[in-house]
Amino acid sequence: MIQGINGGVSDKETLDKAFDARFPSEIKDKLNKARVAIAGLGGLGSNIAMMLARSGVGHLLLVDFDVVDVTNLNRQAYLIPQVGRPKPQALKELLCQINPYLEYETVSLKVTPENVADIFAGYGIVCEAFDAAEQKAMLVQEVLTKLPEAVVVSGNGMAGYGDSNIIQTRQLMRRLYVCGDGSTDIGDGMGLMSPRVTICAAHQANKVIQLILNSDK
């Protein structure tokens, strides 16, 4: 039972009723049973996790080896008191303030080709949210090769402050979706700003929800 600042209580029954008022029961049940992994908990991953938790996705795997840095605060979900904390634990703390009745698993470990299968086994959807292009390519390749039932939702090309309408979600392979504009990069001198990063994260979260709800079609 969670005590609100104005005296309201957000127990599981209260949260369930709030979801019931917005979603048909079959949608809520599918979301609650879903298992989604998020690899990389920066501007993309931390915001994806927040959106999926607010949507009631029942099982989230949070994977990152980094700690929260003050430079992360312009676009990532973290707060000043969390600077220096491992990102998986810090993000879980935030998610529990949204819905403490979901299941959050944390892994503070660098993802390598050797441990991909072990880390992400049992998760039907893997969100790729790394910063480095080589890490992105590695994760996509390893998941598609070693986890034949998993779908990858990847994000790239969302730097700077350009036109947000060119950020799109595209299906490149049967089990691979890519979200972004496909062109901009922090190396172009545009930097990383919250609006476009969050829009791309929303594309990824939205595709995850589509995949969950259309899983039997």
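Me: In this predicted model, what makes V36, I38, V57, L60, A205, V208 and I209 contacts of L52, leaving aside its neighbours within four places in sequence?

Reply: Contact requires heavy atoms within 4.5 Å. L52 is in contact with V36, I38, V57, L60, A205, V208 and I209 once neighbours within four places in sequence are left aside, so each of these pairs meets that cut-off.

Me: Which residues touch the most other members of the largest nonpolar core, and which elements give two or more residues to this core?

Reply: V36, L52, L60 and L95 touch the most other members of this core, which has 40 residues. The elements giving two or more residues include strand 1 (35-39), helix 3 (43-54), strand 2 (59-63) and helix 7 (194-213). Helix 7 supplies the largest share, 8 residues. Another core, of 22 residues, lies apart from the largest one and has A37, V63, I119 and V143 among its members.

Me: Why is K207 called buried?

Reply: Buried means under 20% relative accessible area. K207 has 14% relative accessibility and therefore counts as buried. K207 is placed in helix 7 and touches V153, T169 and Y177, not counting residues up to four places away in sequence.

Me: What makes a residue part of the lining of the second largest pocket, and which lie closest to its centre?

Reply: A lining residue has an atom within 4 Å of a point of the pocket. The second largest pocket holds about 250 Å³ of space and is lined by 17 residues, of which D64, F65, D66, F130 and D131 are the closest to its centre. The lining divides into 6 nonpolar, 5 polar and 6 charged residues.

Note on methods:
Residues are numbered from 1 along each chain as its sequence is written. This is a predicted model: local features need pLDDT of at least 70, side-chain atom pairs count only at pLDDT 80 or more; totals for chains, interfaces and linings use all residues. Side-chain values use heavy atoms; hydrogens and water are left out. A nonpolar core is a set of buried Ala, Val, Leu, Ile, Met, Phe, Trp, Tyr and Cys residues joined through side-chain atoms within 4.5 Å. Buried means under 20% relative accessible area, exposed over 50%, partly exposed in between (1.4 Å probe, protein chains only). Helices (H or I, at least four residues) and strands (E, at least two) are DSSP runs, numbered from the N terminus. On a 1 Å grid over the protein atoms alone, a cavity is a set of points where a 1.4 Å probe fits but cannot get out, and a pocket is an open set with protein on both sides within 12 Å along at least five of seven lines; lining residues have an atom within 4 Å of a point. Grid points are joined across faces, edges and corners, and a volume is the space filled by probe spheres set on the points. Ala, Val, Leu, Ile, Met, Phe, Trp, Tyr, Cys and Pro count as nonpolar, Asp, Glu, Lys and Arg as charged, and the others, Gly among them, as polar.
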